[in-house]
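Subject: Structure handover

Hello,

Please find the structure below. My notes on it come after.

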Amino acid sequence: MFKEAFEQLKTELYNGIYKKGHPFRYFTLATLNNGIPKQRTVVLRKVNSDLELFFYTHKRSNKVGQLLTNENVSALFYDSKKLLQLQINGNAVIEKEEKILKELWSVIPINSRKDYTTSLAPGSLLKNPNEVDYLSSQNHFCIVKIIPKSIEYLRLKRPNHTRVLFTKENAEWNGMPLVP
């Protein structure tokens, strides 16, 4: 049971990147701001063999400031057709290696780059929503990596739901059944 559940969660995370329209492409990220949970939807950009998750953001966004204060995060994925939910808890690391940032920036489509080039930080007040200014020679592109500590798998299915808590110990994932 554990092996099948773990293989399914890995497959679904990878599908979130490579299958167009897959529900795991977008996930809810929760951070803490002075002890208050803050949630937002982000785009899954990469999953590596260690199940580390990567997403892009604006480096002046509130979430980056929150991650610099408290690296603990929770990521929530849900597929309404398969009735599958994954909750991944871990630590977020902000990529600082300039070479990696430049390499990924170079493959971002031109029309998507403006998301990272606003002259004001995301969330700043505007007098007119049609008057957003963009920088032409610099960007605020940022990559965040989530290093998972635990993954809770929940599959709703009759006659019995399946719920498993996976934790990583000594570079190996171990599963424990939970009451659904």
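This is a predicted model: local features need pLDDT of at least 70, side-chain atom pairs count only at pLDDT 80 or more; totals for chains, interfaces and linings use all residues.

Residues are numbered from 1 along each chain as its sequence is written, and side-chain values use heavy atoms, with hydrogens and water left out.

Pockets. A pocket is an open set of points on a 1 Å grid over the protein atoms alone, where a 1.4 Å probe fits and protein lies on both sides within 12 Å along at least five of seven lines; lining residues have an atom within 4 Å of a point. The largest pocket holds about 340 Å³ of space, the volume being the space filled by probe spheres set on the points. Its lining has 15 residues, and Val 43, Arg 45, Tyr 56, Asp 115 and Tyr 116 lie nearest the centre. Strand 2 (36-43) and strand 4 (53-58) each give two or more residues to this lining; strands are DSSP runs of E with at least two residues, and helices are runs of H or I with at least four. The second largest pocket holds about 210 Å³. Of its 13 lining residues, Thr 118, Leu 120, Ala 121, Leu 126 and Val 132 are the closest to its centre.

Aromatic pairs. The whole structure has 9 aromatic pairs (ring centres within 6.5 Å; planes under 30 degrees apart are stacked, over 60 edge-to-face, the rest tilted). One of them joins Phe 27 and Phe 55 edge-to-face, at 6.2 Å centre to centre and 75° between the planes. Phe 27 is in strand 1 and Phe 55 in strand 4, 28 residues apart. Both are buried, where buried means under 20% relative accessible area, exposed over 50% and partly exposed in between (1.4 Å probe, protein chains only). Phe 24, Phe 27, Phe 55 and Phe 77 form one aromatic cluster.

Single residues. Thr 31 lies in strand 1 (residues 26-33) and is buried, at 2% relative accessibility. Its side chain makes a polar contact of 3.0 Å with that of Arg 40; such a contact is a pair of N or O atoms within 3.5 Å, and within protein one must be able to donate a hydrogen and the other to accept it, while residues adjacent in sequence count only if both atoms are side-chain atoms. Leu 104, in helix 3 (residues 98-105), is partly exposed at 25%.

Regards

Methods
Rings of Phe, Tyr and Trp (its six-membered ring) pair if their centres lie within 6.5 Å; planes under 30 degrees apart count as stacked, over 60 as edge-to-face and the rest as tilted.
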